[in-house]
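Hi everyone, and thanks for coming.

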Amino acid sequence: MVSMDTIVSLCKRRGFIFQSSEIYGGFASTWDYGPLGAELKNNVKAAWWRAVVQERDDIVGLDAAILMAPQVWVASGHVEQFTDPLVDCKQCKQRFRADQVGERCPACGGELTEARQFNMMFKTFVGPVEDDAAVAYLRPETAQGIFANFANVQTTMRKKLPFGIAQIGKAFRNEITPGNFTFRTREFEQMEIEYFVKPGTDEEWHRRWIEDRLAWYTRFGMRRENLRLREHTPDELAHYARSCYDIEYNFPMGWSELEGIANRTDYDLRQHTKFSNKDLSYFDPETQERYFPYVIEPSGGVDRTVLAFLIDAYHEEQVRQEKRVVLRLHPALAPIKVAVLPLLRNRSELVQLAQDLAARLRRHMMTMYDDTASIGRLYRRQDEIGTPFCVTVDVDSLDDGQATVRERDSMEQVRLPLAEIPAYLVDKLRW
Ligand code: GAP
């Protein structure tokens with residue numbers, strides 16, 4: 001198993017993830033996605049969106065605002081109940097989550113204060129006056145934008161149960177103990193589905209969604225043995241959930257939550273109906289009944305998913321007595337799909353031929369042109385960032401109009417006419 005330090009160092013060195021505000025000494029537990037990280041993250045989100053929205057006819061997408069009316073968070077129960085128990089060390093003043101420490105301070109052994117409840121929502125003020133009437137919250141989950149729009153979406157899209165609404169977006173939590181790189185941060189991104197079903201069918205849909213979501217991770221190359229399911233015990237259930245299963249990943253720090261799949265019952269639609277005075281019940285045309293749908297919620301973290309895919313893809317192997325580091329990312333997720341590499345950078349005709357090919361490939365896929373090192377180093381660089389294909393243009397290419405395509409995992413090479421390479425790669429990269 002690769003260590004987290006190795007992943008953090010690869011991410012920094014190769015432009016996946018940088019510490020936020022690094023030139024000012026960094027800002028604790030916040031991270032910036034660099035050029036390759038932004039591509040990888042976009043690809044993860046696109047793979048999710050395609051699987052849950054575009055390949056199905058029972059789910060539609062939404063992109064709701066981060067700021068919402070503050071009453072939303074009263075109705076949802078977050079103002080009252082979205083808390084963690086906090087303790088302070090009387091000696092060294094460090095703070096901990098009470099449920100993660102014993103009797104004494106884990107840092108200095110000092111005495112701890114009584115636990116008090118700490119609300120994890122970030123508060124801000126709307127407009128120039130900072131008073132109670134102007135308080136707004138940064139959303140701690142994207143889900144509430146979906147519930148608040150339930151009637152808008154259901155009526156405009158003429159959806160009948162069962163159907164779902166999917167959304168990707170930022171969420172914010174003032175975590176007491178962030179850490180483990182991008183695993184737990186205060187600003188993060190979620191991919192959430194609220195799937196509305198007829199009461200009584202909820203348990204069956206819950207089971208189906210657990211299977212569906214597990215299959216999504218393995219479809220994009222995550223190894224099944226690194227995934228497991230864990231049912232929440234009653235004392236750890238969120239205030240809105242009747243039951244919840246976590247999909248856990250075998251991270252370097254141990255098995256930890258990647259995604260939660262909860263049965264939220266009709267809690268949220270009922271609460272919003274009560275607090276807004278707008279009826280969010282559903283009229284069932286088949287049974288001619290009106291009722292509140294139940295909700296199954298698969299809710300994953302984009303940042304955790306990116307991190308898990310990076311860890312899962314990381315491989316070290318010996319090739320001709322040398323260490324080769326290769327990210328075996330699924331081609332759909334790989335930030336760069338093909339690298340075009342001229343064998344000699346001081347032959348202008350060769351460079352021109354390679355650049356022309358790169359320009360043609362760019363119309364179809366994320367392409368990188370690189371002539372800044374020897375071919376061996378260029379291959380190593382691309383292997384380390386997970387590029388599925390490299391195309392090497394050499395002196396013979398000038399005569400025979402062909403180039404060598406090398407596949408990342410097998411390192412097998414085929415020689416193909418330059419004109420055929422774009423179609424060949426488009427076909428290989430189809431998913
Ligand atoms: N709407 C349900 C909900 O928000 P959650 O289990 O609190 O449920 C869902 O969060 C997912 O969001 C988690 O499985 C995790 O992947 C991600 N997540 C939650 N808190 C996070 C944090 N502080 N940093 C990074 N990801 C986080």
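Let me begin with Asp266, which counts as buried, at 13% relative accessibility. Please keep in mind that this is a predicted model. What does Asp266 pair with? It forms a salt bridge with Arg270, and the closest N and O atoms are 2.8 Å apart. Arg270 is partly exposed, with a relative accessible area of 44%. In this pair, then, we have a buried Asp266 and a partly exposed Arg270.

How many salt bridges are there in the model? The count comes to 41. Side chains of opposite charge can pair when their charged atoms come close.

Take Arg219 and Glu55, whose side chains meet in a salt bridge at 2.9 Å, N to O. Arg219 belongs to helix 7, residues 202-219, while Glu55 sits in the loop between helix 2 (35-54) and strand 3 (59-62), so to speak 164 residues apart. Are these two buried or partly exposed? Arg219 counts as partly exposed at 36% relative accessibility, and Glu55 counts as partly exposed at 44%.

Now for Glu141 and Arg264, another salt bridge, with 3.1 Å between the closest N and O atoms. Here, 123 residues separate Glu141, in the loop between strand 8 (135-138) and helix 5 (143-148), from Arg264 in strand 13 (residues 254-265). Glu141 is buried, at 3% relative accessibility, and Arg264 is buried too, with a relative accessible area of 0%.

Some salt bridges share partners. One network formed that way joins Glu317, Arg324, Arg328, Asp383, Arg406, Arg408 and Asp409. I'd like to stop at one of its members, Arg408. Where is Arg408? Look in the loop between strand 22 (402-407) and strand 23 (413-417). Arg408 is buried because its relative accessible area is 3%, and the cut-off for buried is under 20%. Its side chain reaches the backbone oxygen of Leu329 at 2.8 Å. A polar atom of the Arg408 side chain also lies 2.7 Å from the backbone oxygen of Gly386. Leaving out residues up to four places away in sequence, Arg408 touches several others, including Val326, Leu327, Thr387 and Pro388.

Let's turn to the nonpolar side. In soluble globular proteins, nonpolar side chains tend to be buried together. The largest nonpolar core in this model has 58 residues, and Phe16, Trp216 and Leu258 are those with the most contacts inside it. What is Leu258 in contact with? Setting aside neighbours within four places in sequence, its contacts include Tyr217, Met222, Leu227, Ile247, Phe251 and Ala308. Apart from that core lies another, of 20 residues, among them Tyr369, Phe389, Leu416 and Ile421.

Ile421 brings us to our last stop, helix 13, residues 421-428, where Ile421, Pro422 and Leu425 are buried. Why do we say that the buried residues line one face of helix 13? Seen down the helix axis, they fall within an arc of 100°, so they line one face. What do the buried residues of helix 13 pack against? Their partners are strand 19 (338-342), helix 10 (348-362), strand 21 (389-393), strand 22 and strand 23.

Definitions and conventions:
Residues are numbered from 1 along each chain as its sequence is written. This is a predicted model: local features need pLDDT of at least 70, side-chain atom pairs count only at pLDDT 80 or more; totals for chains, interfaces and linings use all residues. Side-chain values use heavy atoms; hydrogens and water are left out. A nonpolar core is a set of buried Ala, Val, Leu, Ile, Met, Phe, Trp, Tyr and Cys residues joined through side-chain atoms within 4.5 Å. Buried means under 20% relative accessible area, exposed over 50%, partly exposed in between (1.4 Å probe, protein chains only). Contact means heavy atoms within 4.5 Å. A salt bridge is a side-chain nitrogen of Lys or Arg within 4 Å of a carboxyl oxygen of Asp or Glu. Helices (H or I, at least four residues) and strands (E, at least two) are DSSP runs, numbered from the N terminus. A polar contact is a pair of N or O atoms within 3.5 Å; within protein, one must be able to donate a hydrogen and the other to accept it, and residues adjacent in sequence count only if both atoms are side-chain atoms. The arc is that of the directions from the helix axis to the C-beta atoms.
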